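Hello,

Please find the structure below. Some notes on what was found in it follow.

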Amino acid sequence: MERRTIGAAALTVGAVGLGCMPMSWAYSGSRQRGAESLRAVHRALDSGSTLLDTADMYGPFTNELLLGRVLKERRQDAFVSTKVGLLVGEQHIVANGRPGYVKRACDASLRRLQTDVIDLYQLHRADPEVPVEETWGAMAELVRAGKVRALGLCAVGARGGRRSGTGLHDATIRQLRRVQQVFPVSAVQAELSVWSPEALESLLPWCETRGIGFLAAMPLGNGFLTGTLTPGEGFEPDDVRARHPRFTAEMMAANQPIVAGLRRIAHRHGEHVTPAQVALAWVLAQGRHVVPVPGAKQERWVSENAAAEALRLTPEDLAEVGKLPAALGSWD
């Protein structure tokens, strides 16, 4: 697989990563199977998808524990990315950016992941009660201590980023400017997909001009862009999509022209090319500093996603994607 470079630290990863969250959290609990997930992670590494993206809050903790079982055997094959800054309660999620907590959380992640160093340590969300410079400073100390190789920042969510008269990613860019004064940012993780392209407006160019890697979260639109979801089929109660405005039966049906457009392009490239691969190839085409991180928990989807790296969309294909209708339904 093609290799891409992340940030000032010049860390290289496979062009397509693996989002590990669905293996343990937020999606269809009845379909989460440890042995199957382990095989999926091994398949990713075998395919060259070296970037494994997780977080201590996924589970919580169980996702890192699962990856640790693979890393114990194949640490040299993997690029480990995990996150800090969010605590999961029974009914809520809260931010914690206190320096002492950040250091303890890193040590705990290292133990669960069964590794001596985290390749990319990302701040999941800034704590409104703690200056982000203090949190970032504690993370920088972890780099100097040899526990972490590089630092990344996850974009502020849609609600937190939108204010009257401002762009979606203005709040994230303000945070980035502040932490850059403390220690270099190697990567930013934010949503980017065919049906959520907002990062193209300001955040992606901001990163590119500063040599910062961009990890494209949800590049398959929480599974919608794969074309494998049926409107009205419903989701399990613990699945985040069960409460998501874009995943009502009405909105899924209304947004089918987007999938149909991806399928038309896929058919031009061969009978075995899928809408998901076109969606990932579109993300890859947005810049050499962009690495899509599609979530998956089965070997077949991991292999399909990895194969998207070899798909080269033509200028006509990219123009056709650009003309697809905008997604309907709130993303908040």
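At what angle do H1 and helix H2 (residues 62-74) pack, and how far apart are their axes? The angle is about 45 degrees and the axes are 10 Å apart. Axes are lines fitted to C-alpha atoms, for helices over the stretch in contact, and angles run from 0 to 180 degrees between N-to-C directions. H1 is therefore oblique to H2 (under 35 degrees counts as roughly parallel, over 145 as roughly antiparallel, 65 to 115 as roughly perpendicular, and the rest as oblique).

This is a predicted model, in which local features need pLDDT of at least 70 and side-chain atom pairs count only at pLDDT 80 or more, while totals for chains, interfaces and linings use all residues. Residues are numbered from 1 along each chain as its sequence is written, and side-chain values use heavy atoms, without hydrogens and water.

Contact means heavy atoms within 4.5 Å. Between H1 and H2, the residues in contact include Leu-38, Val-41 and Leu-45 of H1 and Leu-66, Leu-67 and Val-70 of H2.

H1 (residues 34-47) also packs with helix H11 (residues 299-307), at an angle of about 20 degrees and with the axes 8 Å apart. H1 is therefore roughly parallel to H11. Arg-39, Ala-40, Arg-43, Ala-44 and Ser-47 of H1 make this contact with Glu-299, Val-302, Ser-303 and Ala-306 of H11. Helices here are DSSP runs (H or I, at least four residues), numbered from the N terminus.

By class, the contact of H1 with H11 has 4 nonpolar, 2 polar and 3 charged residues, and that of H1 with H2 has 6 nonpolar, 3 polar and 4 charged residues. Ala, Val, Leu, Ile, Met, Phe, Trp, Tyr, Cys and Pro count as nonpolar, Asp, Glu, Lys and Arg as charged, and the others, Gly among them, as polar.

Regards

Definitions and conventions
Helix = DSSP H or I, 4+ residues; strand = E, 2+ residues; numbered from the N terminus.
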